[in-house]
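Subject: Structure handover

Hello,

Here is the structure I promised you. Please open it next to this email and follow along.

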Amino acid sequence: MLKGILRSVKQAHDSTQPGYIFWNEGDLYNASINRSPTSYMNNPPEERARYKSNVDTKMVLLKFTDLRHKPIGMINWFAVHCTSMNNTNYLISSDNKGYASMLFEKRMNKKMPLGKGPFVAAFAQANEGDVSPNTRGPKCIDTGLPCDAETSTCDGQNLKCIASGPGKDMFDSTRIIGKKQYEKAVELFDAADKPVTGPVSFAHQFVDMSRATVRVNESTNVS
């Protein structure tokens, strides 16, 4: 696997060329839920009032073309965990984002074998935090009732509390959530016409959490 990753990096480096970058963004709904809504409600009301949803629904996309405006690649960022395949699956899986990437590359590379075409589509992760693709939410596997909202347990046992959906099984759910991301990416890609210009910059920060202090209330700090 390591050799394959290194080979991919080298191929990407060796195939660099001048081109253009265009960007677009839009909202993707019904592809995720907040897996800890009770925790989210502990955020200050004024902070929650800034957002329409308790999950980030924004997809941001970059479209790459050569100097003749021929598409050569795409990357987008959308917040949702790759946990459509649950812990009963013992095989390596790229989950919903991998399925979305496969669909997009199949669209752009036509009849070429998967992974062999010149166009590369990347479905990257964003601020996924507590964002789950299991849109039916957590249920008790023995009763079918919702899990306890505060503890995510069923009769005090967390092993009985399992989130699933939206499909009939984990394979169907992977397909559905992946296809939703793919379809939104196609929409944004086809309409992307805002050029990206200027220098490239970045921001990075190391935080020593063992030395961090959290203010619980006016009289209590925890470190």
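C147 and C161 form a disulfide, with sulfur atoms 2.2 Å apart. A disulfide here is a pair of cysteine sulfur atoms within 2.5 Å. The torsion about the S-S bond of C147 and C161 is about 115°, so this disulfide is right-handed. C147 sits in the loop between β7 and β8, and C161 sits in strand β8, so the bond ties together parts that are 14 residues apart in sequence. Strands are DSSP runs of E with at least two residues, helices are runs of H or I with at least four, and both are numbered from the N terminus. C147 and C161 are both buried. Buried means under 20% relative accessible area, exposed means over 50%, and partly exposed is in between (1.4 Å probe, protein chains only).

Before you go on, note that this is a predicted model: local features need pLDDT of at least 70, side-chain atom pairs count only at pLDDT 80 or more, and totals for chains, interfaces and linings use all residues. Residues are numbered from 1 along each chain as its sequence is written, and side-chain values use heavy atoms, with hydrogens and water left out.

How many disulfides does the structure hold? It holds 2. C140 and C154 form a disulfide too, and their sulfur atoms are 2.1 Å apart. C140 lies in strand β7 (residues 137-140) and C154 in the loop between β7 and β8 (161-164), so this pair also ties together parts that are 14 residues apart in sequence. The torsion about the S-S bond of C140 and C154 is about -100°, so that disulfide is left-handed. C140 and C154 are buried. Number the bonded cysteines of the protein chain in sequence order, and the pairing reads 1-3, 2-4.

Next, the salt bridges. The structure holds 10 of them. A salt bridge is a side-chain nitrogen of Lys or Arg within 4 Å of a carboxyl oxygen of Asp or Glu.

- D27 pairs with K58, the closest N and O atoms being 3.7 Å apart. The pair links distant parts of the chain: D27 is in strand β1 (residues 19-27) and K58 in strand β3 (residues 58-66), 31 residues apart. D27 is partly exposed at 27% relative accessibility, and K58 is partly exposed at 31%.
- K160 pairs with D142, with the closest N and O atoms 3.3 Å apart. K160 and D142 both lie in the loop between β7 and β8, so the bridge ties together parts that are 18 residues apart in sequence. K160 is partly exposed at 22%, and D142 is partly exposed at 43%.
- R211 and D208 meet through their side chains at 3.2 Å, N to O. R211 is exposed, with a relative accessible area of 71%. D208 is partly exposed at 41%.

Last, look at H81. UniProt, in an unreviewed entry, places the feature "binding site" there. UniProt positions are given in the numbering used here, feature names are shortened, and annotations may be inferred rather than shown by experiment. Where is H81 found? H81 is in the loop between β4 (71-78) and α4 (95-109). Is H81 buried or exposed? At 17% relative accessibility, H81 counts as buried. Leaving aside neighbours within four places in sequence, H81 is in contact (heavy atoms within 4.5 Å) with R35, N96, Q125, E128, G129, V131 and P133. C82 counts as partly exposed, at 32% relative accessibility.

Best wishes
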